[in-house]
Amino acid sequence: MKQDLLLVLSLIAFTSLCDTINQLFLKSTIDSLQFTPKLNIKKIFKFVFQLITKPRIWLGLSFSLISLSVWLVVLSKTDLNFAFSADSMHYIFIALASQFVLKEKMSAGRWLGTGLIVVGIVFVSLS
Amino acid sequence: MFKKKVTFKIFLLLMGSDILETLVHFLFKKSTLETSSGQVADLASWLVFLKTVFASPFLWAGLLTVVAVFVLWSMILSKIDLSVAVPIASFSYILVPLVSIIFLHEQISALRWMGVFFVLAGVILVSLSSKERTEQAK
């Protein structure tokens, strides 16, 4: 049982890492477009078309596909509510990536919040 | 730049992505319930497992919803920073456990709910810290 938990948690960590990489590619692609979308179907389609012509998007999506394949195994092994809460470990990866890769400013409060999320994951895993 | 300010419109977009996100996870879970979980021990059994799951209509409905979330999320990220957008798009942490109880008949212990609320408290704290900084910038 404990081994199962460890395996499931490692698999979830792996999907979180893949998702974070995907988010980074997504963010950098969108920033390169410098597009300010308004709620207008035509503009949304144009925006999506611009997005899918960027190779970086497909690189990001391939990480997403890997993540999905592993995530489905996780879901088959455990309850949805546990898997989903534990998946919030992507916050840690996102916080680190925002700080060190995207160079966004991370305030102390934001780090504290990320810390609370870590505590939450521990509780969810213990139950 | 305006990339840190969360307007009401952006907030609504984030809520929409929450609901769709919850739907995605529900549909994916449904798709894995149709096959016996079995032992996914090696690459071969993993591929067999994936083949069964990808034959489920729930999975494809889930993937369609992912595309919708992707479009919505792309719009959101073009307006605000990733580290601001991700925390606010987190009400699904409450929605997913509720859906799990009501539609999947999963049981959630008090300790697990406590964990969920710690995660949510963290999320709210992260959101508030971004609001403070926006006001300081004015």
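**Stop 1: colour by confidence.** This is a predicted model, so begin with pLDDT. Select chain A: the average is 85, and 92% of the residues score at least 70. Now pick out two of its helices. Helix H3 (residues 55-77) of chain A has the highest mean among the elements of that chain, 91, while helix H2 (residues 41-52) of chain A has the lowest, 78.

**Stop 2: a helix pair in chain A.** Select residues 90-100 for helix H5 and 108-126 for helix H6 of chain A. The axes of H5(A) and H6(A) are 9 Å apart, and the two helices pack at an angle of about 155°. Because angles over 145 degrees count as roughly antiparallel, H5(A) is roughly antiparallel to H6(A). Their crossing is left-handed. To see who makes the contact, show side chains for Tyr91(A), Ile92(A) and Ala95(A) on H5(A), then Thr114(A), Ile117(A) and Val118(A) on H6(A). Sorted by class, the contact between H5(A) and H6(A) has five nonpolar residues, one polar and no charged ones.

**Stop 3: the loop joining that pair.** Stay in chain A and centre on Lys103(A), in the loop between H5 and H6. Check its backbone: phi is positive, about 60°, although Lys103(A) is not a glycine. Is Lys103(A) buried or exposed? It counts as exposed, because 7 C-beta neighbours lie inside 10 Å and the cut-off for exposed is 12 or fewer.

**Stop 4: over to chain B.** Next, select His105(B), which sits in the loop between helix H5 (92-104) and helix H6 (110-137) of chain B. His105(B) also is not a glycine, yet has a positive phi, of about 55°. With 7 other C-beta atoms within 10 Å, His105(B) is exposed.

**Stop 5: where the chains meet.** Finally, show both chains and select the contact between them: 43 residues of chain B touch 44 residues of chain A. On the chain B side, the elements that give two or more residues are helices H1 (8-33), H2 (43-54), H3 (57-79), H4 (82-88), H5 and H6. Which element gives the largest share of that side? Highlight H6(B), which supplies 16 residues. Coloured by class, the side of chain B that touches chain A has 26 nonpolar, twelve polar and five charged residues.

Key. Residues are numbered from 1 along each chain as its sequence is written. Chains are lettered from A and ligands numbered from 1 in the order in which they are written. This is a predicted model: local features need pLDDT of at least 70, side-chain atom pairs count only at pLDDT 80 or more; totals for chains, interfaces and linings use all residues. Helices (H or I, at least four residues) and strands (E, at least two) are DSSP runs, numbered from the N terminus. A residue is buried if 20 or more other C-beta atoms lie within 10 Å of its own, exposed if 12 or fewer, and partly exposed in between; C-beta atoms are placed from the backbone. Axes are lines fitted to C-alpha atoms, for helices over the stretch in contact, and angles run from 0 to 180 degrees between N-to-C directions. Angles under 35 degrees count as roughly parallel, over 145 as roughly antiparallel, 65 to 115 as roughly perpendicular and the rest as oblique. A crossing is left-handed if the near helix is turned anticlockwise from the far one by less than a right angle, and right-handed if clockwise. Two residues are in contact if their C-beta atoms, placed from the backbone, lie within 7 Å. Ala, Val, Leu, Ile, Met, Phe, Trp, Tyr, Cys and Pro count as nonpolar, Asp, Glu, Lys and Arg as charged, and the others, Gly among them, as polar. pLDDT is the predictor's confidence in each residue, from 0 to 100.
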